[in-house]
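Thanks for coming, everyone. I have one structure to walk through today. Let me put it on the screen.

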Amino acid sequence: MAAAPDNAKHIDKEALLAKYVAERDKRLRPDGNAQYIRLTGRFADYNTDPYTAPVERAPIFDHVPFTFIGGGFAGLLTGARLAEAGVPGARIVEKGGDFGGTWYWNRYPGAQCDTASMVYMPLLEETGHRPSEKYAHGPEIYEQCQRIGRQYRLYENALFQTEVTNLEWDGEGRRWIVSTNRGDRFTSDHVGMGIGPLHVPKLPGIPGIETFKGHAFHTSRWDYGYTGGDPKGAPLDKLGDRRVAIIGTGATSVQAVPHLARWAKQLYVVQRTPSSVDVRNNGPIDPDWFAEIATPGWQARWLENFTDSQTGGKDVEDLVQDGWTELARRIRTELASLPRENRTQAAMLAAFENADFEKMEEVRARVDAVVDDQETAARLKAWYRQLCKRPCFHDAYLQAFNTPSVTLVDTDGKGVERITETGFVVGGVEYAVDCIIFASGFEVGTDFRSRSGFEVVGRDGLTLSEAWREGMKSLHGIHTHGFPNAFFVQPAQGANLISNIPHNLTASAGAIADVVAHAINRGLHEVEVTQAAQDAWIETLLKSPPRLTGAPDCTPGYYNNEGQAPTPIQRLAVGYPAGASAYFRYLDAWRAAGDFKGLEFR
Ligand code: NDP
C-alpha cells in the first residue's frame, strides 16, 4: 500500500491486523448463508403481524395508472413524487396493516434511526414536520410515514394486508396484471417495486431451536403482550420475574438491550461478533434553531451536504456532524497533507486504513472507559475495520453491562451450540431462560424472487429470475430491459449509499415520477431501457474501486456474504464508481436534460 501521512504511528498495525485475521478465522464457517432458517413451519407464528388484526375485504378487479409494491419509504416517496408530478392516486400494495415498511414491523423497544433525522426522515420539508430529536425514535418515524400517506392521499388507494403473488406484463393491453393473495387481479399502466433490502426475518439454524418450550419471538415481531410496555417506551413490566436471552448483538440488539436490561429479572446477551459501538450524542432539536435553518430547499441541501461530506471528496462544512461523517473527515485530513500528485487510489486506501485504525482504537478504548468488569469489556471489543459490519452508535448499550442482572454470554465467534427445551448452551454450559428473543437479522443478498415472494413476468414471458440469474441488470438500479413500465426503488446500481438509504430512494422516486409524467403527458404507453444503455451502465459500474464496506477480508457477516466469495448477485450490487455524490449530480443532470437518455418511449 502506498505511504499516506501517518497519524496512526503509535499503533502496532501488524499486530492489529494479525488480531483482526485471528478473530475473523474464529467466526468463519463453511455453511455461509445456509446457517440461517426462515420463519416457516414451527416458526410461522413468529412471523404473524402482532400489530393489526386481519381485515376482510372483497377482491379487486379494476385498473389503475400506477401500482407500487411495498408501503415503506420507497413506496411513499414514489407515490408522493408522482402526485407532485401530476400523477396522483398511486395504489400501494403492502403486506403490513399500514404504511411504514421497516418502521411498521420493527417496533422493538428503543428502535431509533442511526442516521440523523434531518437527513433520514423522508419529506420533512414537504410535510412541515420538525424532528423532535437528532435521532428520532421509531414511533415518530412511523407517524411520519402515516403523515406522508395522508398528505399525498395514498391511503385512498392502498391495499394493506395484501401480498402480491404475481406480476405479469400484458403486451397487447400494454399494462401489468397484478395478482395478490387476497384474490385481486387488477391492471396497472406502470408498476414500482420497493420491497426493502432487509425485510424477510431470519433465525439462526441452531441445533434444537425447534425444541424450546419457553416463549420466543423475532425482534421485528416484538411481543409486547409477553414483555409488557409499548413501542413508545412504557416499562416492560411483565419481565420483572422473567429470565430473558437475546441472541445477536447487531444494530437491533444494541438498541433493545438497554431496555431489556432495565426490566428483565435476568438478561443474557448472547454474542458471536461484537458490534463497534460509538457515541450517539442524541438530543432534542431546538425549535428556534430549526426555524432558522428550515428555509426553502433545506432538506435537499442537508441531504447533499451529508452525502458530500462522506463521498464528495472535498472539504465541505459538515452540517450533520456524526459518526458517519467523522470517518470521512479523518480520511480527508490525512489526504489533505499529501502533495496533490501523490493522491492516488493506493494512497487513499492507506489513508482510509490509518483513519480506521485510529477510529477503532478509540471505539475499543470507549468500551474500557464505560464497562466496569474488565473481562466483559475485553469481550465487547470489535476487532475489525469499522465498515466491515454495520457501525452502531449508542449511549446506553455498553453501560447496560454494568447492571448486575445483565450477563454477556460470549460464544467466541462460534455462536450458540444448542437450544434445549429450557434454555441455550454455550461453551458446554446450559443457561435456563423463560424467553429467547432472536435479534438475528434479515435475509440479505438472496435473489429478488426469494425476498419478494413473487415472480415478475415481463415482455415475451421473460421472468425477472431469468433476467437477473447472474445478478441484477439495470440502468440506474431503476429500469430493466424486457420489463417495460416497471421501476425498482433501491440503492444498488445507483448511488449505493449505505449510510443513508432514504437519499437513494428520494433520488429514484423523483426520477421515476419525471419519466412516468413524461410518458403520460405525451400519450406514450410504454417506456423501457434499451439493451445497449443497460449494458453500458453495467460496464460503467464494474469499474468501481474495491469496496470499503464489507470487504472480502472482513469479519463475516451479511456485508460480505458471510466471508465467502461474492455471488454473481453480490458482485453486481455495486454503486456508481465516482461515488454517491457524483451519482446524485449525474442523475439530476439526466433528469434535467428531459430526453431520458437510454430509455425508449413507445
Ligand atoms: P444483524 O444481521 O446485523 O445481526 C444479527 C445478529 O445475530 C448478529 O450479531 C449475529 O452474529 C447474531 N447471530 C446470528 N446467528 C447466531 C448464532 N448462531 N449464535 C449467536 N449469534 C448469532 O441484524 P440486526 O437486526 O441487528 O440488523 C440488521 C440491519 O438492519 C442492520 O445492519 C442495519 O442495516 C439495519 N438496522 C438499522 C437500524 C437503524 O438504522 N436504526 C436499527 C437496527 C437495524 P454475527 O455478527 O456473528 O453474524
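Is N496 buried, partly exposed or exposed? N496 counts as partly exposed, at 27% relative accessibility. The cut-offs: buried is under 20% relative accessible area, exposed is over 50%, and partly exposed is in between, with a 1.4 Å probe and protein chains only. N496 sits in the loop between β19 (486-488) and α17 (501-521). Helices here are DSSP runs of H or I with at least four residues, strands are runs of E with at least two, and both are numbered from the N terminus. N496 is not a glycine, yet its phi is positive, about 50°.

Some ground rules. This is a predicted model, where local features need pLDDT of at least 70, side-chain atom pairs count only at pLDDT 80 or more, and totals for chains, interfaces and linings use all residues. Residues are numbered from 1 along each chain as its sequence is written, and side-chain values use heavy atoms, with hydrogens and water left out.

R174 is another residue other than glycine with a positive phi, near 55°. Its place is the loop between β4 (164-170) and β5. R174 is partly exposed, at 27% relative accessibility. It also belongs to a network of salt bridges, together with R459, D460, E526, E528, E600 and R602. By salt bridge I mean a side-chain nitrogen of Lys or Arg within 4 Å of a carboxyl oxygen of Asp or Glu.

How many salt bridges does the structure hold? The count is 40.

Take E443 and R38. Their closest N and O atoms are 2.9 Å apart. E443 lies in the loop between β17 (435-438) and α15 (448-452), and R38 in strand β1 (residues 36-38), so this pair ties together parts 405 residues apart in sequence. E443 is buried, at 10% relative accessible area. R38 is partly exposed, at 37%.

Next, R390 and D114. Their side chains meet in a salt bridge at 2.8 Å, N to O. R390 is in the loop between α13 (374-379) and β12 (392-393), D114 is in the loop between α3 (102-105) and α4 (117-120), and the two are 276 residues apart. D114 is buried, at 8% relative accessibility. R390 is partly exposed, at 27%.

Third, R379 and D410. Here the closest N and O atoms are 2.9 Å apart. R379 lies in helix α13 and D410 in strand β13 (residues 406-410), so the pair ties together parts 31 residues apart in sequence. R379 is partly exposed, with a relative accessible area of 37%. D410 is buried, at 18%.

Now the ligand. Which residues are closest to it? They are R27, Q112, T252, T273 and Y558, out of 27 that surround it. A residue counts as near if one of its heavy atoms lies within 4 Å. The shell divides into 12 nonpolar, 10 polar and 5 charged residues. The classes: Ala, Val, Leu, Ile, Met, Phe, Trp, Tyr, Cys and Pro are nonpolar, Asp, Glu, Lys and Arg are charged, and the others, Gly among them, are polar.

Where does the ligand lie? Domain 1 (12-48 + 201-275 + 389-438) and domain 2 (63-200 + 444-536 + 577-601) both give residues to the shell, so the ligand lies between them. Those bounds come from an automatic or database domain assignment. Helix α8 (residues 251-263) gives the most to the shell, with 3 residues.

On to atom pairs. A nitrogen atom of the ligand lies 2.4 Å from a backbone N or O atom of Q112. A polar backbone atom of G250 is 3.4 Å from a ligand oxygen. And R390 is back: an N or O atom in its side chain is 2.9 Å from an oxygen atom of the ligand. Taken alone, the ligand exposes 910 Å², and the protein buries 89% of that. Those areas come from the Shrake-Rupley method with a 1.4 Å probe.

Last, two loop residues. D184 is in the loop between β5 (175-180) and β6 (185-193). D184 is buried, at 2% relative accessibility. K414 is in the loop between β13 and β14 (418-419). K414 is exposed, at 54%.

Definitions and conventions
Polar contact = N/O pair within 3.5 Å; in protein donor to acceptor, adjacent residues only side chain to side chain.
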